[in-house]
Amino acid sequence: MTTVAEPEIGRARLRKEDRRLITGQTRWTDNITLPGMLHLAILRSPYAHAKITHIDLSAARTQPNVVAAFSGADLDNQGTLACAWPVTEDMVAPTYLPMAVDEVRHVGEPVAVVVARDKASAVDALEAIQVEYEPLPVVLDMEQALQPGAPLVHASAGTNRCYHWVFDSAEAGTGGSFAEAEAAAEVKISRRYVQQRLIPAFMEPRSVVVDPSGGEWTVYSATQIPHIVRFLLAATTGTPEHKIRVVAPDVGGGFGGKLAVTPEEWIAFAVSTKVGRPVKYTETRSESLLSAHHGRDVIQDITLTARRDGTVTGLHVKLTANMGAYLGIVTPGVPLLGAFMYNAIYKIPAYRFECTGVFTNTTKTDAYRGAGRPEATYAIERMMDELAAELGLDPIEVRRRNWIKHEEFPYTTVAGLVYDSGNYEAATDKALEIFGYDELRAEQAARRASNDPVQLGIGISTYTEMCGLAPSRTLGALRYGAGGWESVSIRVLPTGKVEVISGSTPHGQGHDTAWSQIVADQLGVPFEDVTVLHGDTRVAVKGMDTYGSRSLAVGGIAMVQAAEKVREKARRVAAHLLECSPDDLEWRDGAFRVKGNPDQAKTIPEIALAVFAAHDLPDGVEPSLDAEATYDPSAFSFPHGTHLCAAEVDTETGRVTIRKYVCVDDVGKVINPLIVEGQIHGGVAQGIAQALYEEAVYDESGNLVTGSFAEYLLPSAADLPSIVADRTETPATTHPLGVKGVGEAGTIAATPAVVNAVVDALRPRGVTDIPMPMTPERVWRAANGSNAGSGQNEGGAA
Amino acid sequence: MARVNLVVDGTRYVDEVPPRLLLVQYLREHLGKVGTVIGCDTGNCGACTVLYAAPDGRAQAVKSCSMLAVQADGGEVTTVEGLAAPDGTLHPVQQAFHEHHALQCGFCTPGMIVAAVDLLREKPHPTEAEIREGLSGNLCRCTGYENIVRAVQAAAAAMNGSGAATPSAPSQAAPVEEAAPTTEVAA
């Protein structure tokens, strides 16, 4: 067997996943057809808040091809869908039935389900269902919801306040008192920012097939979290966990939006049990936009204090966060994931964060790419520009004066996190050079001098983020219900091929390829000889799934640890076969080689065959090289970067055109640069989209106005600029692989870069803020007189 | 029920279908051609894009969710599953998507590839702006379109030789399993 000469890690390997995806040989959940399978259609509430006073399915049940129909009352023993993150002891955790029985609390909430031989018959039969509703008062605005006397989303709770959570650096002992910083402030800037509600809008609509045959349940679902679905379905249906198998086949994007145990999965499970046949439910896009969980929807009140030389002395963050009508798995915790990131890359000495979670009659919010950290980066990066403007300083300079210097790592922040490594100087210098910063500033000055109707703005975002979710002890301290470990098994087959059984569940991230690269290096086998298995709880029996930019930063380490165990088992056998002591061997160039006599060697495949035959193994060695490792990270992962955006703003039309977008990101050691770059591109696109295009809008009755792709504006290729992405590489130091997460970084960074650019273009006109998305109308209004800024400054300019 | 007689990916099919059946549903549910997918219900996303040639016309890209199966009677449909050669050799657009990492989850990819094939038939040497405009009917949530644009540029060059808009990406002479490095990495 030839050894592999060039390391796989760092190679721009083309993806193993591609062949079948580009030829249509795909395995989406909606492709699945099973014998006797029936189709579900769900009737959803047209009211944002109402009592269900009467529901009659009798006509529906007699429609052509209809096998059954069920209301919420017909589905026995509906357990509550779990929220896995009770962030405070007194958090209101309302009962969340998969299908409403007495009361609906948001438009789109399931009210009944029809089961039919084909989808069209099921959908047609929905029209025969009679439901009488008694409308109740609707509350949509968070601040109104918190007022005494506001209509209650959950009457039994007595309040719309879900929780109140505080972090104070003085109380925590990680820094000073913000109150004192405020009292002594030379400069104080306060702003209100609104993180508009967004929709993850993965391209593959959610789909679930449940097969109840043989006394066990197989759940095929387009999910990011098959292991968690298995666990929670067992808990909420009363079905023994070992009787449930969950399979995530090909999954067409998730972005946190498929990090859920959904009412629809529960309903499909319950219905298949009742009818005793496989059932399938695939949502329409309209259903998806309406009822799959939304993201962001947070009001941020930020106050920053500083000295006149630009040194930040304190930061206060007050969030009002929209939970929606119910709590999903991590709904209340999403804003808190950002709590430790508002101080970002800066050495801010005093920090106070408070967050109030609020119920409203809307679709629940939950994880969406970045989950709390885009919000944090937005706020601080906007504030740094405000500080620069206030003091007449260059915005890059203000950041330099406050950021953690390269030689100061590892650094313990005012939020109590230890950043292991980083090099903000290198990333920024590289970005500025690629961007042509000085030339663009000169052009900006020229356009200002000539009063050009098209102004040029430059926006900066220097970010870090915390990912690689997560050290389990930290999750426990934050009261999250599960841990943050990841598990990988490696099996070496007798023919020398290697199976990597990964607890991660990719949905576009290229794990098959990147994991093959890692294990090929670790075991000295060809890249092509490694196969990666995931997403099926019967195969990848143990895992914590994919979200929070964790699969490489946590799963990758488990993979390396498992590989080390395989090599250690192999070493003893190799020594025996080579008739030497294990200490006489070194692992080099993909084989165990006798020190000083490298041609005396055994490769892993050779050893695997010998182990399989087991004719001549040393005493006490089991006939197996296979190994498993479960790794709990000791720390979060802190990628960082500098994003620069040059935006042309047409003051006569409000149109924004991004002229140039440059990003330099540092994600530690890079396994596959193609995959890293692709994640950055996609993340940046979503960040730009938040700045310019996307917003989930409810009307005053609680109807989702942006209910299709005609109104919810996902950008097309014509709406986005070319993204110039480069890297620096500062390895993580908290584990041997040196990698950091990348999946969410682009989204976390991009939005403030774009907004800062547009505000920068219009600052001479007195503009300090434009609400997102910055539609042409909003930009035009800001540019032409109505200052859309909403905040005050105290303290004089430098 | 209505009768349809059409060719799909080179094979003739004769079927009885409900008049309301969409072409994309016919492909997926009646022919088992699951390569073409449904991404929305308003004709916006393009994931269902196929090539359709009416009996008297030439092939053009259509959104198969916005066409009834019966409307395709007598015509010829090409889906993503009909692009590669019988021996498995990928269409240059497919090959370019692979070489330029122009897909991540793959859900939009069949529609995007077919739309790109159609674009290149109309414009063999498209500029970047023409590519972006030409693909504006196909939504992708994963890639940010950057590598899709590079792939289409590379496919144009491969299919049409010199005179193509210069790809901003590694040349198509890159070895099959690995892309040529485009970025520097500084420690």
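Helices here are DSSP runs of at least four residues, numbered from the N terminus. With that in hand, welcome to a set of close-up views of a predicted model.

**View 1. A:Ile557 sits in helix H17 of chain A.** Helix H17, which holds A:Ile557, covers residues 551–577 of chain A. Is A:Ile557 buried or exposed? A residue counts as buried if 20 or more other C-beta atoms lie within 10 Å of its own; A:Ile557 has 25 of them within 10 Å, so A:Ile557 is buried. Leaving aside residues up to four places away in sequence, A:Ile557 touches A:Tyr631, A:His735 and A:Leu737. For a sense of scale, look also for A:Leu578: A:Ile557 and A:Leu578 are 21 residues apart in sequence, and their C-alpha atoms are 30 Å apart in space.

**View 2. Four strands of chain A form an open sheet.** Reading across the sheet, the strand order is E21-E20-E19-E25, with mixed pairing. Strand E21 (530–533) and strand E25 (627–631) of chain A are at the edges; each has a single partner strand, so one side of each has no neighbour in the sheet. From one strand to the next, the twist averages 20 degrees. Strand E20 (residues 498–502) of chain A pairs with E21(A) in the parallel sense, over four bridges.

**View 3. Domain 1 and domain 2 of chain A are in contact.** Chain A is divided into domain 1 (18–25 + 485–631), domain 2 (32–136 + 203–253 + 258–291) and domain 3 (295–469 + 635–785). The centres of domain 1 and domain 2 of chain A, taken over C-alpha atoms, are separated by 40 Å. Domain 1 of chain A brings 13 residues to the contact and domain 2 of chain A brings 15 residues. On the side of domain 1 of chain A that touches domain 2 of chain A, two residues are nonpolar, eight polar and three charged.

**View 4. Chain A and chain B meet in a contact.** How many residues does each chain give? There are 51 residues from chain A and 52 residues from chain B. Helix H1 (18–22), helix H9 (285–291), helix H19 (673–692) and strand E28 (723–728) of chain A each give two or more residues to the side that touches chain B. The largest share of that side, seven residues, comes from H19(A). By type, the side of chain A that touches chain B has 23 nonpolar, 18 polar and 10 charged residues.

**View 5. B:Cys40 touches residues of chain A and chain B.** Look for B:Cys40 in the loop between helix H1 (23–30) and strand E3 (49–53) of chain B. B:Cys40 is buried, with 25 other C-beta atoms within 10 Å. Not counting residues up to four places away in sequence, the residues B:Cys40 touches are A:Arg285, A:Ser708, A:Phe709 and B:Cys45.

Methods
Residues numbered from 1 in each chain as written. Chains lettered and ligands numbered in written order. Predicted model: local features only at pLDDT ≥ 70, side-chain atom pairs only at ≥ 80, totals over all residues. Contact = placed C-beta atoms within 7 Å. Nonpolar A, V, L, I, M, F, W, Y, C, P; charged D, E, K, R; others polar. Buried ≥ 20, exposed ≤ 12 C-beta atoms within 10 Å, placed from the backbone. Domains from an automatic or database assignment. Pairing = 2+ DSSP bridges. Axes fitted to C-alpha atoms, helices over the stretch in contact; angles between N-to-C directions.
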